[in-house]
Amino acid sequence: MDVFGVVVTAVWVMLPAYVPNNAAVLAGGGRPIDGGRTMGDSRLLGDGKTWRGTLAGTLAGLALAILLSVLAPAASDLVGHALPTFPLLAGLGLAFGAMLGDIGASFLKRRSGRERGAAFPGLDQLDFVVGALACALVLAPSWFGATFTVPVLAAILLLTPLLHVLTNGIAYGLGLKNEPW
Ligand code: CTP
Ligand code: K
Ligand code: MG
C-alpha cells in the first residue's frame with residue numbers, strides 16, 4: 001500500500017475512537033463515575049469523568065462505526081483504496097476503549113497530583129489510542145490482525161497526536177472545551 005493508502009486507512013479506522021472524547025465533551029455532566037470518592041489526597045478520577053459522558057461517547061463512536069461500514073464501499077471507490085468495515089465488536093472496542101483510555105489517564109493524572117483539566121503532554125494525546133487499540137484487540141482479534149498492519153499502526157501513532165491537538169484546539173476556540181488539550 002502507498003503512503004496515501006496507509007494514511008487514509010489509519011484515519012478511517014480510528015474515526016470511531018476519535019469521536020467519543022468529543023461527544024463526551026458535548027454530552028458530559030451529571031454524576032461522576034467515582035461518585036466523589038478519593039484515593040489519598042485526590043479524587044479517584046475527578047468530576048471530568050461522568051457516566052453520561054462515557055455512555056454518550058461510546059454510543060457516538062459505535063454509531064459512527066456502523067455508519068462508516070455502510071459508507072465503506074462508496075468511500076473506497078472515492079479514495080481508490082479498500083477501506084475496512086467495522087464488525088460491531090470492533091466498533092464497540094474502539095469506542096469504549098477510547099473512553100476507557102481517557103479514564104485511565106485521569107486516574108494517573110490524579111495520582112500524580114494534577115487537578116481536573118491539567119495537561120499531561122503525551123498521555124493526553126495517546127491515552128485513548130492505547131485504550132481503543134487494546135479493547136479492539138480483545139473484542140475483535142481477527143479483525144484487528146487483518147486491519148492494523150505495521151504501517152497503519154505507525155501512521156496512527158504519528159498522526160493521532162496531531163489530529164488531537166487540532167480538534168481540541170478547534171473545540172477550545174468554539175468555547176466547547178475549557179482547555180485546548
Ligand atoms: N467528559 C465526561 N465523561 C468522560 C470524559 C469527558 O463527562 N468520560 C466531559 C467532562 O465534562 C469533561 C470534558 O468532557 O470535563 C472534557 O474531557 P477531558 O478533557 O477528558 O476532562 P477534564 O475535565 O480535562 O478532566 P481530566 O483532567 O480528568 O482529564
Ligand atoms: K483527556
Ligand atoms: Mg481535559
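Ligand 1 takes up the space of the largest pocket in this predicted model. A pocket here is an open set of points on a 1 Å grid over the protein atoms alone, with protein on both sides within 12 Å along at least five of seven lines, and a molecule sits in a pocket if more than half of its atoms lie within 2 Å of its grid points. Residues are numbered from 1 along each chain as its sequence is written, and chains are lettered from A and ligands numbered from 1 in the order in which they are written. Local features need pLDDT of at least 70 and side-chain atom pairs count only at pLDDT 80 or more, while totals for chains, interfaces and linings use all residues; side-chain values use heavy atoms, with hydrogens and water left out.

The shell around ligand 1 holds 18 residues, the closest being Lys 49, Thr 50, Ser 106, Arg 116 and Gly 117; a residue counts if one of its heavy atoms lies within 4 Å of the ligand. Helices α1 (3–27), α2 and α3 each supply at least two residues of this shell, and the largest share, 4 residues, comes from α3. Helices are DSSP runs (H or I, at least four residues) and strands likewise (E, at least two), numbered from the N terminus.

Oxygen atoms of ligand 1 lie 2.6 Å from a side-chain N or O atom of Lys 49, 2.6 Å from one of Thr 50 and 3.3 Å from one of Asp 102. On its own, ligand 1 has 570 Å² of accessible area, of which the protein covers 89% (Shrake-Rupley method, 1.4 Å probe).

Lys 49 and Asp 102 also meet each other, in a salt bridge of 2.7 Å from N to O (a side-chain nitrogen of Lys or Arg within 4 Å of a carboxyl oxygen of Asp or Glu). Lys 49 lies in the loop between β2 (42–43) and α2 (51–79) and Asp 102 in helix α3 (residues 88–111), so this pair ties together parts that are 53 residues apart in sequence. Both residues are buried (under 20% relative accessible area, with exposed over 50% and partly exposed in between; 1.4 Å probe, protein chains only).

The whole structure contains 4 salt bridges. Arg 43 pairs with Asp 34 at 2.8 Å and with Asp 47 at 2.9 Å, and these shared partners join Asp 34, Arg 43 and Asp 47 into one network.

Methods. A polar contact is a pair of N or O atoms within 3.5 Å; within protein, one must be able to donate a hydrogen and the other to accept it, and residues adjacent in sequence count only if both atoms are side-chain atoms. On a 1 Å grid over the protein atoms alone, a cavity is a set of points where a 1.4 Å probe fits but cannot get out, and a pocket is an open set with protein on both sides within 12 Å along at least five of seven lines; lining residues have an atom within 4 Å of a point.
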